[in-house]
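Good morning, and thank you for coming. I would ask you to look at the structure for a moment before I describe it.

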Amino acid sequence: MTPLDERMMRAALAEARLCLTWEDVPVGAVVCRGEEVLAAAGNQRERTNDPTAHAEIVAIRVAAGRVRTWHLEGCSMYVTLEPCAMCAGALVLARIDRLVFGAADPKAGFAGSLADLVRDERLNHRLEVVAGVGASESSELLREFFAARRG
């Protein structure tokens with residue numbers, strides 16, 4: 001973990017907190033190339049009625065549009081929760097080099113929990129993975145969100 005990892009995860013956490021204003025699961029993501037932030041987003045499923053509008057997908061779309069290519073080599077993804085299968089697949093397809101995530105997701109995570117799609121040797125691209133950056137804050141945000149919904 002580097003100071004850049006900590007700074008970018010703080011930005012992802014800020015995006016996650018914004019999701020609470022439209023009552024979506026608080027997950028935030030940032031795509032950067034070096035220190036340049038290309039995109040930052042939170043979950044948009046409730047806001048857009050789009051089941052694919054996870055924070056990672058939204059951020060990848062914005063970043064690709066900004067650099068005018070779907071090839072995001074040299075980029076890192078920071079996300080507050082371990083990516084699901086859909087998002088892990090999108091990270092591989094976008095050729096993102098590095099994934100840094102906060103909280104592990106034992107029920108749906110595909111970067112080491114249920115499976116490890118982002119490092120599967122059968123695929124044509126694999127990511128470097130750093131887990132646990134900002135995990136306690138990410139987990140607490142999710143716990144509070146779901147406790148309030150059950151309440």
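The radius of gyration is taken here over C-alpha atoms, and the globule rule is 2.2 Å times the number of residues to the power 0.38. With 151 residues, a compact globule would have a radius of gyration near 15 Å, and the protein chain agrees with that at 14 Å. This is a predicted model, in which local features need pLDDT of at least 70, side-chain atom pairs count only at pLDDT 80 or more, and totals for chains, interfaces and linings use all residues. Residues are numbered from 1 along each chain as its sequence is written, and side-chain values use heavy atoms, with hydrogens and water left out.

The protein chain has five helices and five strands, where helices (H or I, at least four residues) and strands (E, at least two) are DSSP runs numbered from the N terminus. From that end, the order is α-β-β-α-α-β-α-β-β-α.

Let me turn to the interior. Of the 151 residues, 49% count as buried, meaning under 20% relative accessible area with a 1.4 Å probe, protein chains only. A nonpolar core is a set of buried Ala, Val, Leu, Ile, Met, Phe, Trp, Tyr and Cys residues joined through side-chain atoms within 4.5 Å. The largest such core has 36 residues, and I60 and M77 are among those with the most contacts inside it. Elements giving two or more residues to this core include β1 (28-33), α3 (55-67) and α5 (135-150). Of these, α3 gives the most, with six residues. A second, separate core of ten residues includes V30, C32, V100 and V130.

Note on methods
Buried means under 20% relative accessible area, exposed over 50%, partly exposed in between (1.4 Å probe, protein chains only).
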